[in-house]
Amino acid sequence: MDKLSIKADLYMGQGAMDRLSEWRNKRMFIVTDPFMMKSGMINMVFDRLHSSNEQYIFSNIVPDPPIEVVTEGVEALRSFNTDLIIAIGGGSAIDAAKAMKLFAQKLLDQRDIPFIAIPTTSGTGSEVTSFSVISDKQKNIKYPLVSDDMLPQEAILDPELVKSVPDFITADTGMDVLTHAIEAYVSTKANDISDALAEKAMKLVFAYLPRAYKDGNDLVAREKMHNASCIAGMAFNIASLGLNHGIAHVAGAKFKIAHGRMNAILLPHVIEFNADYKPGYGKEDSNRAAVRYADIAKSLGLSAPNAKSGVRSLVQAIKQLQKQLNMPQTLRECGVDQALLEEMRVSIAEGALKDGCTATNPRVPTAEDVLQILN
Ligand code: NAD
């Protein structure tokens, strides 16, 4: 039996932020990052709030939010007597708010606090997922929390908020969307509903990510990528992810590489690994991943006369997209030298095998396989 948790009411498109003006008499706990404050973008919230509301601004969120920030937030949220949480920012702000809500409810016995997520990047889909990725900066690890209790009641997808995202973050986060969709599609937990969502998200990425990258003010492309991010989030909330994310969570934390960028570097290699396995190796349906990748290639209009060439076309299309987005394609290009890789590779391989995302990868990897991928 599959359970599909699609909980949030979505307010979408230009003007969606106006939804905020409908709230009255709330003690709003607003979680955001310093960029939103400094740039004045936070005024897009304040300008819409009715004077009967009171606000507490928690703006300490840094990328890959550490547990200490979450703990601080739980305390602030509780002492403010919050009755509505609003998270506005990238995946880091939304994830941090989700973890605060979860801990406040579980540890401090608070009632369910309504929660609105407002993404300002088009990448994680966190506004519709039961995941929150929190970092332990001392140990250099990231760990995903998983609970339906963190799901926002509402998400506001307004493309106006994404216009200011610089091109390199547009590229990183956009490739995160693609990785979510591809991993959900080949996951051992994929079903017809996650397939439909993943397929749509991939098509939107190939059609609109280069446009959004080239011209951040292209509101059509921004809106399509914002939707793609949310749709891919729904897909992987159903089907989960795979080895790509398993490695990225560990390697991204160790090498301090942005999440989407780390995913993008790994993606062609993980696809080749998953597609190239022999009958009897790992999961019983040995050719399934290659066929699924070829299905993706076909749905994107790429040449796929058989599974093997379909996989090749897909990998080429991804590499081509990375080039269009001027993205690094190797760890070395991200400043990771051979000595650092040597030092970290075994702990990355061990961590990747333990990561929850790896469990639904179509091919069961060994530590040696992960080392090969990292090479
Ligand atoms: P982010 O939230 O870390 O933000 C990256 C940078 O972009 C920050 O400096 C931020 O200030 C800036 N930024 C955000 N919005 C902006 C805007 N509109 N204009 C200009 N700058 C802006 O990046 P992200 O990729 O959205 O989130 C990454 C985090 O989400 C990672 O911790 C990752 O592990 C996690 N994640 C979570 C899920 C999930 O389901 N919960 C899924 C994938 C990734």
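Biologist: Which residue stands opposite Glu154 in S8?

Modeller: Asp9 stands opposite Glu154 in S8. Some ground rules before we go on. This is a predicted model, where local features need pLDDT of at least 70, side-chain atom pairs count only at pLDDT 80 or more, and totals for chains, interfaces and linings use all residues. Residues are numbered from 1 along each chain as its sequence is written.

Biologist: What makes S1 and S8 a pair?

Modeller: Two strands pair if DSSP finds at least two bridges between them. Strand S1 (residues 9–12) is joined to S8 by 4 bridges. Therefore S1 and S8 count as paired. They run parallel. The names come from DSSP runs, numbered from the N terminus: helices are H or I with at least four residues, strands are E with at least two.

Biologist: How many bridges join S5 to S8?

Modeller: 2 bridges join strand S5 (residues 115–119) to S8, again in parallel. Ile116 has Glu154 as its bridge partner in S8.

Biologist: Which way do the residues of S8 point?

Modeller: In strand S8 (residues 154–157), Glu154 and Ile156 point one way, Ala155 and Leu157 the other. All are buried.

Biologist: Why is Ser240 called buried?

Modeller: A residue is buried if 20 or more other C-beta atoms lie within 10 Å of its own, exposed if 12 or fewer, and partly exposed in between, with C-beta atoms placed from the backbone. Ser240 has 23 C-beta neighbours inside 10 Å, so it counts as buried. Ser240 lies in the loop between H7 and helix H8 (243–255). Its phi is positive, about 65 degrees, although it is not a glycine. Most residues other than glycine have a negative phi.

Biologist: Is Asn326 buried or exposed, and why?

Modeller: Asn326 has 10 other C-beta atoms within 10 Å, so it is exposed. Asn326 sits in the loop between H11 and helix H12 (338–354). Its phi is near 50 degrees, also a positive value in a residue other than glycine.

Biologist: How do you know that the span of H10 agrees with its length?

Modeller: The expected span is 1.5 Å times one less than the number of residues. Helix H10 (residues 288–299) has 12 residues, so it should span 16 Å, and its end C-alpha atoms are 16 Å apart. The two agree. Just after H10, Gly301 takes a positive phi of about 80 degrees.

Biologist: Which helices do the buried residues of H10 pack against?

Modeller: Helix H5 (167–186), helix H6 (192–214), helix H9 (259–275) and helix H11 (307–324). The buried residues of H10 include Arg292 and Tyr293.

Biologist: What makes a set of residues a nonpolar core?

Modeller: The members are buried Ala, Val, Leu, Ile, Met, Phe, Trp, Tyr and Cys residues joined through C-beta atoms within 7 Å. The largest such core has 113 residues, and Ala181 and Tyr293 are among those that touch the most other members. Helix H7 (residues 219–239) gives the largest share, 11 residues. At least three residues come from each of domain 1 (9–162) and domain 2 (167–374). Those bounds come from an automatic or database domain assignment.

Biologist: How many residues are in contact between the domains?

Modeller: Contact means C-beta atoms, placed from the backbone, within 7 Å. 27 residues of domain 1 are in contact with 28 residues of domain 2. S7 gives the most to the domain 1 side, with 4 residues. The C-alpha centres of the two domains lie 26 Å apart.

Note on methods
Contact = placed C-beta atoms within 7 Å.
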